[in-house]
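Here is a brief report on selected local features. Look at the model first, then read on.

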Amino acid sequence: MENFSELIRRRRSTRKFTGESLNPGEVELILRAALMAPSSKNKEPWRFIVVEEKETLRRLAACKASGAAFLAECALAVVVTADVMTSEAWIEDASIASIYMQLQAEDLGLGSCWCQVRGRETEEGTDSGEYVRRLLDIPYQLEVLSVVGFGHKARERAPRDEASLRWENVYIGKYTSPEEASGE
């Protein structure tokens, strides 16, 4: 990694992967990053289910009506769950662990993409979390937040264009409505 600023500028969602597998060292570093993520009150409610088997990846790709097809072609998927009985901040904790994995993947030159599961439905109208729970035998005290797909990038995307950053969404001291800002 050159520096963190460059890493976050370069990290873009990757939905097209080559067929190349990840090596065990890459997988370990990605999972290590998740396990090192901070969590509320250090409760670490997250649990991660690692999926590499192609048929299971194909079935995971059907976990929601749209936006999950890329999972069928990734080399590795990590199903991000959390024990809701451990922490009331499980969504935040699991989200932080997810982005830690994605940043580690980018640092390794790998691609990744987040597939939102919580609050989504399959094409048939089944709750996406329930679909993933049944597919992977996940116990009920664990809620499924997302599935993050990883793999070797089929193509490089241009880094974020900093000229397109929406600085108007940043407020100093207090929130100011657009009307207040324009003097209306």
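Is tyrosine 171 buried, partly exposed or exposed? Tyrosine 171 has 34% relative accessibility, so it counts as partly exposed. Buried means under 20% relative accessible area, exposed over 50%, and partly exposed in between (1.4 Å probe, protein chains only).

## Basis

This is a predicted model: local features need pLDDT of at least 70, side-chain atom pairs count only at pLDDT 80 or more, and totals for chains, interfaces and linings use all residues. Residues are numbered from 1 along each chain as its sequence is written, and side-chain values use heavy atoms, with hydrogens and water left out.

## Aromatic pairs

The whole structure holds 2 aromatic pairs. The ring centres of tyrosine 171 and tyrosine 175 lie 4.5 Å apart with planes at 50°, so this pair is tilted. Rings of Phe, Tyr and Trp (its six-membered ring) pair if their centres lie within 6.5 Å; planes under 30 degrees apart count as stacked, over 60 as edge-to-face and the rest as tilted. Tyrosine 175 counts as exposed, at 53% relative accessibility.

Strand E3 spans residues 111-116. Of its 6 residues, 5 are buried, so the rest of the structure largely encloses E3. Helices (H or I, at least four residues) and strands (E, at least two) are DSSP runs, numbered from the N terminus.

E3 pairs with strand E4 (residues 142-151) in the antiparallel sense, over 6 bridges. Pairing requires at least two DSSP bridges between the strands. Serine 112 has phenylalanine 150 in E4 as its bridge partner.

## Glutamate 44

Glutamate 44 sits in the loop between helix H2 (24-35) and strand E1 (46-51). Glutamate 44 is partly exposed, at 34% relative accessibility. Beyond its neighbours within four places in sequence, glutamate 44 contacts Leu35 and Ser39 (heavy atoms within 4.5 Å).
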